[in-house]
Amino acid sequence: MTLYVGAFAQGNKVSGTVKDTDGNGLPGVNVFVKNTTSGTSTDFDGNYTLNVGGSDTLVFSFIGYQTQELLVGNQSVIDVVLSDDVTQLEEIVVIGYGSQQKKDVSASVVVVGEDAIKDRPMVSAATALQGKAAGVQVVQPSGKPGGDISVRVRGTTSVSLRNDPLYVVDGIPMTDIKGINPQDIVSLTVMKDAASTAIYGLRGANGVVLITTKKGKEGEPLLQFGAYGGFSKLRKFIETLSTKQYRDLMEEINLSLDPTWTSYTDWNDKVFGTGYIQNYQLTFSGGTDKTRYLISANYLNDKGIVAPAQYGRYSVRANFDSQLKPWLKVGTNVNIISSKTEDTPDNLSSGRGGVIMSTLNTPPFLNVYKSDGSGQFDPNPFQPSWENPLAYMYGPDQQQIDNRLIANFTGEATIVKGLTFDTHFALDANTHQWDYYLDPFRTNYGRNNNGIGRADKSMYYTWTFENTLTYNREIGKHDFTVLGGTAAIKYKYNDSYMAGYDFPDDTSIKTLNAANVITDASTSIDEWSLLSYFGRVLYNYDSKYLFTASLRRDGSSKLADKWATSPSFSAGWRISSESFMQNIELIDDLKLRVGWGKTANQDGLPNNYLAYGQNRYARRTPTNPLSGPTVYQYSIGNPYLTWEITSQTNIGLDISLLKARLNLTVDAYLKTTKNLILDVDLPNSVGEVSNILTNGGSIENKGLELSISSVNIDKKLRWNTDFNISFNRNKVVDLTYTPVSYYGAIYSNNTSVSLFKVGEPLAVFYGYIADGVDPNTGDMIYRDINDNGYWDPGDRTIIGDPNPVFIGGITNTLSYKNWNLSVFFQGSYGNDIFNSTRIDLEGMFDSKNQSVAVLDRWTPENTNTDIPRAVGGGDVYNVQNSTRFVEDGSYLRLKAITLTYNFNPDWVKKVGIHKLSVYSTGENLLTFTKYSGFDPEVNAYGNSPLELGIDYGTYPQTTTVTFGVNVEF
C-alpha cells in the first residue's frame, strides 16, 4: 500500500515519511534513485529528503518489508507505507545445476547469507557455517592460522575416505575452499539430504555446499573499500611448577639437579604472545542492462599467538556477465590466489618438536639461550635431544607457498522459448612449494646433523566441462522443468620431494644439492577422471503439490568397478494451500516434505589405483650408487573393490506464522553408508604386503534438526532471532572382517584410546575406569571389570564418547536508528574430551615439568587426594588411558558480537561518500565450559573420523577483537 501526498515540485527535492502498516515511522529505510548510487536513509522518525529529477524512480528498501518503486514525476512529497514482507517464499534458492523458488523446494536445503559473513574476521568461508546451519557441525581442530576446518553434514559417513562436503563455487566443484575470500561470497547453500545431493552422484555422499560469489549490478559504477584490523590473545593459561616446586618434585623421584640451576623462565610468557590480523578489500562493480562486472582485490594477514605461525593471502577476483544477443549470454569468473603459511608444530610431545607441550614440560630453570654467548638454544640437560620451545619455534626456517588459479567460462543460449543450453568450462590449478632448513648451529638436532634441509614441490590441475539442456514449461497451474546434462572431470597431480643433511657453515646456503647427504628423494604422478550423465525433473501443481526426481550415472577411473548410479526423489505438500486451511489466519505457510536418495563417495581414497597392485623401487645397495634399483611390491590391487554407497531418507516440515514473523523448519533423517572401504590385515603367507583395502562394513547416522527464525520487535527498535539445534547419533552397524579396531595412539603410555567397534558410536574412548588413588600406596585404582582379581588389559571398557548429544547456535540482531548489534552464541553439548595433555602434565614419571595440579599429589602426609604419587623412572602405570583423563567437553561460546554504526548518508555525501559504517567485533570473548584444557574445541588428530576429541598439546583457540570500516563511493 502506498500513500501519495503530492504538490507541484518547487526545485529538485523530494521528502516524505516511511511508515509501517501500524503507522510507526521506520528508521534506516534505504531510499535511493534507481540505477544510481544517489540515496539516503530515513531518520529515527522515518523521515527522508533527497535530491531527484522528475523522471527518476525512487526505490524504498528495508529488510523484512516489501520493496517499493515509485516514479517521482512532479511530486515534492512522497509518503510511503511499507507492508510486511510475507513473500520470503518467493526467494530464489540455488540448487545443483539450477535454482528454485524457496516455496517449491521439497528437499532439505539451508541458506547462509552474507549477513553471517559481514563484519567478522573470517579466514575460511567454512567458518560461516558454524552454528548457523542446522545439521552442519563445524569444528576448528586447532587455533593455528590457516589451519584446516572440519565440516560434517549430518554426521560422518566414512572412516577411510573424505567426510567433508563437496564445495561448488560458482559451478566449479572443489574440495578445498581455504583460499576463497569470504568477503567475495554472497551466499552458501547447504544441500543436506540425498534428494538434493544425488545430482552430484559419486561426490554427493557428504552433502554439497553451493557457494555464490558477488556479481556486478546494473547502475552507476560503485567503488567499495573495507578494512579491519585486530589482535588476539590466549583465552586461558595452564599454570606449571616454579623452579623450587620443580626441584622438590625431581628430588622426590630421585633425579638430582645441579645446585646452580635456580633461575626461572616463565615459558608461557615466552611462547604465548599477541596475535594480529589485518584485512583490506577493494571492490569495483557496475554495469548496464547488457553487461555487468565486478573486480575485487583482497589482502589478509593472520599472525598467530605462538610464533612463527601465520597465514597470508593475496587474492583477486573478476566476474563478468554479458548479454551478447537476446538469445545468448556469456560470463567468466576468474580468481587468482597466492598464500604463504608458516607453521608452528603442535600435537607432539615435548621431546618430538611439539611447541605447546614443550612450553608446559620444559624445566623452568632453563634459559632461552645458552649462557656461553654462543647463540645456541638451551636444551634440556636430562635429555639433550629435547629442545626448549623457542628452539622448536625459531630454530627451523620454513614456509609454504601456494599459488592457485580458479577460472570458469560460461555460456547460456536460448534455443526456443523455455529451452536453454548451458555450457561451462572450469580450471582449478595450484602450485605448491614447501621449504625447510635447520641450520647447523643453534639446535642440538641441527648440530648433530650439520644442518637439515627438506623441500617439497607439487602441482595439480582439475578441469571440468559440463553441458546441460533445461526445458521449462507452464501449462495452467502445472509447472515443470526438465534438466539433462553431461560432465567430464580430469585431475592430474605431480610431486617431487627431497631431504638431506650436512650443510656448509654458511647459513645463507639453504637449498639442497648434490653436495648434501641425500636421505630421501622421490617423484610421483597421480591422476583420475570422471565422466557423468545426469537428469532431473521438477514439477509442481499450483505450488501445492511438489515433486522432484533425479538420476546420475558416474564412471570413475579410480576403481575397477567404475560405474555407480545415484537416484533420488522428493515430494512436498503445501498443506496451507488446501481449502480447509484458509480460515486459519495464524498460519501463513505450512509445507510437508519427504525425500529419499542414494549417493556415493569417491573423494579421499588413499590412492587412485586401488584396482591394481603397485610396485616401488629402491637402490639395492644404498652406499653404492651404481648398484641399480630393486623392485618391491607396495600394494595389492583389489578388482572387486566397489564404491561406498550412502542411502538417506528425510522428512521435514516448514511452518511460517504471524505474517512471516515466526518461521520454523524441522527435519528428521536416517542415513546409512554401506560397503565401507576398510584397511584389512592379510595373513603372513601372502607376502611382503600386510594389508589390503576392501569393502566390509556399514555406518548409520540418524538425527533431528530444528531451525527457528523470528522477528521479536518490529518498531523503531528491530530485534530478530535465529536459532538452530541439531541432534545426531551415529553407530557402527557392521564390520565384516575386524569387529574391533583401535586408534588414537597416546605417545606417553604407548596405547590407543579410540575404539572402532560394531554397535558403538565412532571413536568412543576405550580404557580403564579409575576409582581414585589408593591411600595406602599412592597408586591409581583401576576397576576389575573382568573379576579376575587383578588389573590387566581385560579390564578396559568404553569410558567416554567424543560425539556431541547436540550442537546449536543462536543469533540475536538488534537495530536502532543508525546502530546495529549482532550477538552470536554457538555451542556443543554432551561430547567428551580425552585430555592426554594431562598425562604429560600430571604423570610425574620423568623429568618433564608438571602442572600445579601435582602440588596435591599423594605423599605419606597427604593420602586423601585424587592425584597419585610421583614415581619417576618412566613408570606409566598411573597414566593409563582411563576415566581420570576423560572430561566433559561441552561448551557455550559467545562466538561473535558485532556493533556497527552506519553514518547518515546525508552527512557523508557532502564529502563524496555514498555509505560509511564502522564496526567492532569480538570473537570467543566468553566460553562457558568445565573443560580444564586450553580450549574445548580441539582435536589433536585433525579431521580423522576414528580419532575424535583428543587433546595433546594442540595449538589453542584465541580471543580476538577487531575494528573495521566499510566505505562506498
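Asn254 sits in the loop between α2 (243–252) and α3 (267–271); helices here are DSSP runs of H or I with at least four residues, strands are runs of E with at least two, and both are numbered from the N terminus. This is a predicted model, in which local features need pLDDT of at least 70 and side-chain atom pairs count only at pLDDT 80 or more, while totals for chains, interfaces and linings use all residues. Residues are numbered from 1 along each chain as its sequence is written, and side-chain values use heavy atoms, with hydrogens and water left out.

What is the phi of Asn254? Phi is near 65°, a positive value in a residue other than glycine. Most residues other than glycine have a negative phi. Asn254 is also exposed, with a relative accessible area of 70%. Here exposed means over 50% relative accessible area, buried means under 20%, and partly exposed lies in between (1.4 Å probe, protein chains only).

Now look at α2, the helix that Asn254 follows. Which residues of α2 are buried? They are Thr243, Tyr246, Arg247, Leu249 and Met250. These residues lie on the same side of α2 because they cover an arc of only 160° around the axis, where the arc is that of the directions from the helix axis to the C-beta atoms. An α-helix has 3.6 residues a turn, so residues three or four places apart point the same way. On the other side of α2, Lys244 and Glu251 are exposed.

## Another positive phi, and a cis bond

Asn750 also has a positive phi, near 55°. Its place is the loop between β38 (740–746) and β39 (751–757), and Asn750 is exposed, with a relative accessible area of 70%.

Next, find the peptide bond from Ala307 to Pro308: it is cis, with omega near 0°. Most peptide bonds are trans. Pro308 lies in the loop between β19 (291–303) and β20 (310–325).

## Cavities inside the model

How many cavities of 30 Å³ or more does a search of the whole structure find? The search finds 12. On a 1 Å grid over the protein atoms alone, a cavity is a set of points where a 1.4 Å probe fits but cannot get out, and lining residues have an atom within 4 Å of a point. Grid points are joined across faces, edges and corners, and a volume is the space filled by probe spheres set on the points.

The largest cavity has a volume of about 660 Å³. It is lined by 46 residues, and those closest to its centre are Gln137, Val139, Pro802, Pro804 and Ile807. The largest share of this lining, five residues, comes from β37. By class, the lining of the largest cavity has 20 nonpolar, 21 polar and five charged residues. In this count Ala, Val, Leu, Ile, Met, Phe, Trp, Tyr, Cys and Pro are nonpolar, Asp, Glu, Lys and Arg are charged, and the others, Gly among them, are polar.

The second largest cavity has a volume of about 470 Å³. Of its 30 lining residues, Pro121, Val123, Gln140, Asp302 and Glu923 lie nearest its centre. Strand β18 gives the most to this lining, with three residues. The lining of the second largest cavity has nine nonpolar, 14 polar and seven charged residues.

Is Asp170 buried or exposed? Asp170 counts as buried, at 14% relative accessibility. It is found in the loop between β13 (166–169) and β14 (172–174). Its side chain makes a polar contact with the side chain of Thr213 (2.4 Å); a polar contact is a pair of N or O atoms within 3.5 Å, where, within protein, one must be able to donate a hydrogen and the other to accept it, and residues adjacent in sequence count only if both atoms are side-chain atoms.

Lys544 is buried too, with a relative accessible area of 15%, and is found in the loop between β26 (517–541) and β27 (545–556). Leaving aside its neighbours within four places in sequence, Lys544 is in contact (heavy atoms within 4.5 Å) with Gly572, Trp573, Arg574, Ser577 and Glu578. Arg616, found in strand β30 (residues 614–619), is partly exposed, with a relative accessible area of 42%. Not counting residues up to four places away in sequence, Arg616 touches Thr630, Val631, Tyr632 and Tyr634.

Notes:
1 Å grid on protein atoms, 1.4 Å probe; cavity = no way out; pocket = protein on both sides within 12 Å on 5 of 7 lines; lining within 4 Å.
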